[in-house]
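Please look over the sequence and the model before reading on. The briefing below goes through the chain topic by topic.

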Amino acid sequence: MSTSVDTQPPQQQSLTPEKFPFTAPELMSRYVTDTGKILPRKYTHLSAKQQRAVTRTIKQSRNTLLGL
């Protein structure tokens with residue numbers, strides 16, 4: 001008897017803005033202008049909670065000198 005097991009690849013979860021790691025500045029580049037200013041909610045279309053998390057993460061990566 002042959003038992004075949006359906007092995008599906010693990011589902012990749014999309015990261016929400018508040019879960020971006022501060023060690024990945026390439027993910028944060030969409031929320032920062034060319035001059036390094038953080039874009040406001042008006043342009044990012046994030047909720048207030050997500051915008052605060054993005055801002056906190058960007059500032060944290062700036063403080064650790066990750067080049068954002």
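Which backbone oxygen lies 3.0 Å from a polar atom of the side chain of Ser 29? The backbone oxygen is that of Glu 26. The model is a predicted one, and the points below describe the protein chain as a whole and then selected residues.

**Overall layout**

- The secondary structure of the protein chain consists of 3 helices and 0 strands.
- Along the sequence, this gives the pattern α-α-α.
- The protein chain has 68 residues, and 22% of them are buried.

**Ser 29, between H1 and H2**

- Ser 29 sits in the loop that runs between helix H1 (25–28) and helix H2 (41–44).
- The relative accessible area of Ser 29 is 45%, so this residue counts as partly exposed, as the range for that class runs between 20% and 50%.
- Ser 29 and Ile 58 are separated by 29 residues in sequence, while their C-alpha atoms are 9.3 Å apart in space.

**Ser 61, in H3**

- Ser 61 belongs to helix H3, which covers residues 48–63.
- Ser 61 has a relative accessible area of 1%, so it is buried; the cut-off for buried is under 20%.
- The side chain of Ser 61 reaches a backbone oxygen at 2.9 Å, and that oxygen belongs to Ile 58.

**The loop between H2 and H3**

- His 45 is placed in the loop between H2 and H3.
- His 45 is not a glycine, yet it has a positive phi of about 60°.
- With a relative accessibility of 68%, His 45 counts as exposed, because the cut-off for exposed is over 50%.
- Leu 46 is also found in the loop between H2 and H3.
- Leu 46 is buried, with a relative accessible area of 9%.
- His 45 is thus exposed, whereas Leu 46 is buried.

**Pro 17, before H1**

- Pro 17 is in the segment before H1.
- The relative accessible area of Pro 17 is 11%, so this residue is buried.
- Pro 17 and Leu 46 lie 29 residues apart in sequence, and the distance from C-alpha to C-alpha is 8.3 Å.
- Pro 17 and Ala 53 lie 36 residues apart in sequence, and their C-alpha atoms are 7.2 Å apart in space.

**A positive surface patch**

- Arg 41, Lys 49, Arg 52 and Arg 56 form a positive surface patch.
- H3 supplies the largest share of the positive patch, with 3 residues.
- One of the patch residues, Arg 56, lies in helix H3.
- Arg 56 has a relative accessible area of 54%, so it is exposed.

Terms used:
Residues are numbered from 1 along each chain as its sequence is written. This is a predicted model: local features need pLDDT of at least 70, side-chain atom pairs count only at pLDDT 80 or more; totals for chains, interfaces and linings use all residues. Side-chain values use heavy atoms; hydrogens and water are left out. Helices (H or I, at least four residues) and strands (E, at least two) are DSSP runs, numbered from the N terminus. Buried means under 20% relative accessible area, exposed over 50%, partly exposed in between (1.4 Å probe, protein chains only). A polar contact is a pair of N or O atoms within 3.5 Å; within protein, one must be able to donate a hydrogen and the other to accept it, and residues adjacent in sequence count only if both atoms are side-chain atoms. Patches are made of residues with over 30% relative accessible area and no salt bridge: like charges are joined within 9 Å, nonpolar side chains (Val, Leu, Ile, Met, Phe, Trp, Tyr) within 5 Å. Accessible areas come from the Shrake-Rupley method with a 1.4 Å probe; for residues, only the protein chains shown count as cover. A salt bridge is a side-chain nitrogen of Lys or Arg within 4 Å of a carboxyl oxygen of Asp or Glu. Lys and Arg count as positive and Asp and Glu as negative; His and the chain ends are not counted. The place of a charge is taken as NZ of Lys, CZ of Arg, CG of Asp or CD of Glu.
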